[in-house]
Amino acid sequence: MATERPNQLFRNKSSKIAAIPMIVTALFVFVGGTIWTVVYSFTKSGLLPRLNWVGLDQYERLWATRKWLVAIENLVIYGICMLVLVFVIGFILAALIDQKIRFENTVRTIILYPYALSFVVTGLVWQWILNPEFGVESIVRAWGWESFSFDPLYNADIAIYGVLIAGLWQGSGLVMVLMLAGLRGIDQEVWKAARVDGIPTWKTYIFIVIPMMRPVFITTLVLVVTGIVKLYDLIVAQTGGGPGISTEVPAKYVYDMMFQANNLGQGFAASTMMLVTVALIVIPWAILEFGGSKNRG
Amino acid sequence: MADASTNALSGPQGPKPRKMLSRRNIFLYGTLFVITVYYALPLYVMIVTSLKGMPEIRLGNVFSPPVEVTFQPWVKAWSEACTGLTCNGLSTGFWNSVQITIPSVILSIMIASVNGYALANWKFKGADIFFTILIFGAFIPYQVMLYPIVIILREIGLYGSLGGLVLVHTIFGMPILTLLFRNYFTSLPEELFKAARVDGAGFWGIYFRIMVPMSLPIFTVAMILQVTGIWNDFLFGVVYTGPETYPMTVSLNNIVNSTQGVKEYNVNMAATLLTGLVPLLIYFVSGRLFVRGIAAGAVKG
């Protein structure tokens with residue numbers, strides 16, 4: 001863009017001043033903060049951060065703590081279910097809306113509004129709807145199915161699925177919007193050609209349209225995955241990690257260790273593990289997308 | 001599901017006339033109707049529950065419409081509901097959220113727009129490196145940076161205050177907003193910029209007289225994105241503020257999940273609805289711009 005203009009070494013002073021907040025944030029908060037946390041995860045910090053090294057002790061203790069293992073297990077269950085379902089639901093919704101329907105705006109507005117709400121609000125509403133005394137369970141029982149049981153938030157075995165229901169309700173609208181944008185970006189000629197060749201619609205979707213939407217799928221994937229790793233507010237509001245510790249998640253473990261249990265070292269080690277998880281996803285993606293020559297302007 | 005859309009396809013030009021009540025249409029609109037009802041239901045539940053009295057709630061279920069409409073729960077949620085020791089309702093949290101959101105939105109948009117403009121039109125050596133770090137920073141789980149920021153805020157004396165939270169929101173809003181503004185400014189015709197340079201306009205002159213007036217839509221998008229994002233934040237609120245300065249989402253959680261006393265579901269739902277009201281209003285009023293905001297950083301990739 002701005003490369004052919006000469007003699008801007010001095011004129012560009014304002015530009016550098018304008019970029020100071022970005023430079024400070026990037027270096028001190030993002031890079032500095034991350035390094036700081038990783039370094040202190042090798043110490044015995046308790047109430048206050050202190051530099052007394054203990055090597056990998058914090059990590060050993062972390063992976064021997066049941067609450068952390070439950071948290072990881074929950075994140076895996078929630079993550080896989082969320083990922084699969086949010087894509088399936090989001091794509092089907094987008095495909096349905098893409099059928100040149102009437103009231104398209106109304107339908108889209110209703111499906112997306114949960115995304116405008118906070119996780120706290122989402123969690124509290126679903127806590128109320130899933131309440132066995134007054135919610136879904138009591139209604140189905142009132143219809144005559146006396147033995148019907150659906151109390152995810154009170155049953156430790158399935159509590160995480162109760163959270164999943166709320167998470168899907170909140171997040172599927174976003175995927176729908178992104179997928180719809182992707183579908184609208186497909187050249188109509190592709191559809192025509194497929195029709196001329198007599199390929200059934202569902203085959204066109206799976207073998208032609210979806211592969212063409214690869215960039216949209218990848219960015220959506222990155223968005224969804226980073227969102228899953230951050231899962232915190234929804235749990236706090238909907239279940240508080242309970243019943244027992246059955247809906248603990250890593251982000252909550254970090255918060256509890258740092259700000260309630262005065263065990264900073266554990267918190268740092270746990271958050272470093274979260275960082276590693278995200279890095280394992282984001283770095284391959286970044287290499288795939290932007291690797292080689294930089295041509296994003 | 002894909003079978004549902006067999007025959008769904010019609011060319012872009014001259015759609016062939018079809019019957020309104022074909023099997024396909026009944027199936028399509030039926031499915032869409034069920035789906036929209038499902039998505040709308042929680043909002044409906046919030047509204048009806050918040051308008052019922054407690055005796056009525058104990059008799060019925062969450063979906064039954066109120067027989068006797070009462071606004072008492074709303075009043076109570078706003079000014080009397082208890083969180084542990086204090087019983088001030090949500091009003092304190094609401095005003096805290098207002099005091100957090102307004103300066104955070106203004107500050108973050110100011111910084112990010114100037115920064116995006118510098119990156120788009122006045123690129124200097126090394127700018128891209130910092131920008132790349134910034135974008136990658138957006139993927140780092142917040143938990144990793146929670147404590148270092150506690151230390152920074154403590155050092156500058158803002159820990160536990162509204163000002164500290166404003167700073168935090170400005171920092172974490174920067175990646176997405178900078179990307180948004182940079183992409184937008186890059187898409188503006190370069191001739192405009194060059195012409196202004198020939199006329200002798202400088203960095204700030206071009207920014208204020210050309211870029212800002214030409215970019216009002218993107219400023220609106222950024223505002224929507226930030227207002228809803230900051231209003232809905234919970235994690236930063238609970239970490240960086242104290243009981244006096246809790247934002248609305250944190251007070252809401254404390255009210256509803258407080259273990260003391262009898263659970264008043266109607267008050268809880270009124271409080272929940274009150275907290276969701278601001279982003280909902282923005283969402284329903286802004287319509288397409290909201291969608292543009294969330295798609296802004298995403299679809300470009």
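**Fold, then interface**

Author: Start with the order of elements. This is a predicted model. Read along its sequence, chain A runs α-α-α-α-α-α-α-α-α-α-α-α-α-α.

Reader: How many helices and strands does chain A come to?
Author: Chain A has 14 helices and zero strands.

Reader: Why is chain A described as more spread out than a compact globule?
Author: Compare its radius of gyration with the globule rule. For 297 residues the rule gives 19 Å, and chain A comes to 24 Å, well over that, so chain A is more spread out than a compact globule. Along the principal axes, its C-alpha atoms fill a box of roughly 75 × 70 × 30 Å.

Reader: Now the interface. How many residues of chain B are in contact with chain A?
Author: 107 residues of chain B touch 105 residues of chain A. The area buried between the two chains is about 9,600 Å². Carbon and sulfur atoms give 74% of that area.

Reader: Which element of chain B gives the most to that side?
Author: Helix α1 of chain B, residues 23–50, with 15 residues. The side of chain B that touches chain A divides into 72 nonpolar, 25 polar and 10 charged residues.

Reader: How many salt bridges and polar contacts cross the interface?
Author: The rule finds zero salt bridges between chain B and chain A. It finds 14 residue pairs in polar contact, both residues at pLDDT 80 or more.

Terms used:
Residues are numbered from 1 along each chain as its sequence is written. Chains are lettered from A and ligands numbered from 1 in the order in which they are written. This is a predicted model: local features need pLDDT of at least 70, side-chain atom pairs count only at pLDDT 80 or more; totals for chains, interfaces and linings use all residues. Side-chain values use heavy atoms; hydrogens and water are left out. Contact means heavy atoms within 4.5 Å. Buried area is the accessible area (1.4 Å probe) that two parts lose on being put together, summed over both. A salt bridge is a side-chain nitrogen of Lys or Arg within 4 Å of a carboxyl oxygen of Asp or Glu. A polar contact is a pair of N or O atoms within 3.5 Å; within protein, one must be able to donate a hydrogen and the other to accept it, and residues adjacent in sequence count only if both atoms are side-chain atoms. Helices (H or I, at least four residues) and strands (E, at least two) are DSSP runs, numbered from the N terminus. Ala, Val, Leu, Ile, Met, Phe, Trp, Tyr, Cys and Pro count as nonpolar, Asp, Glu, Lys and Arg as charged, and the others, Gly among them, as polar. The radius of gyration is taken over C-alpha atoms; the globule rule is 2.2 Å times the number of residues to the power 0.38.
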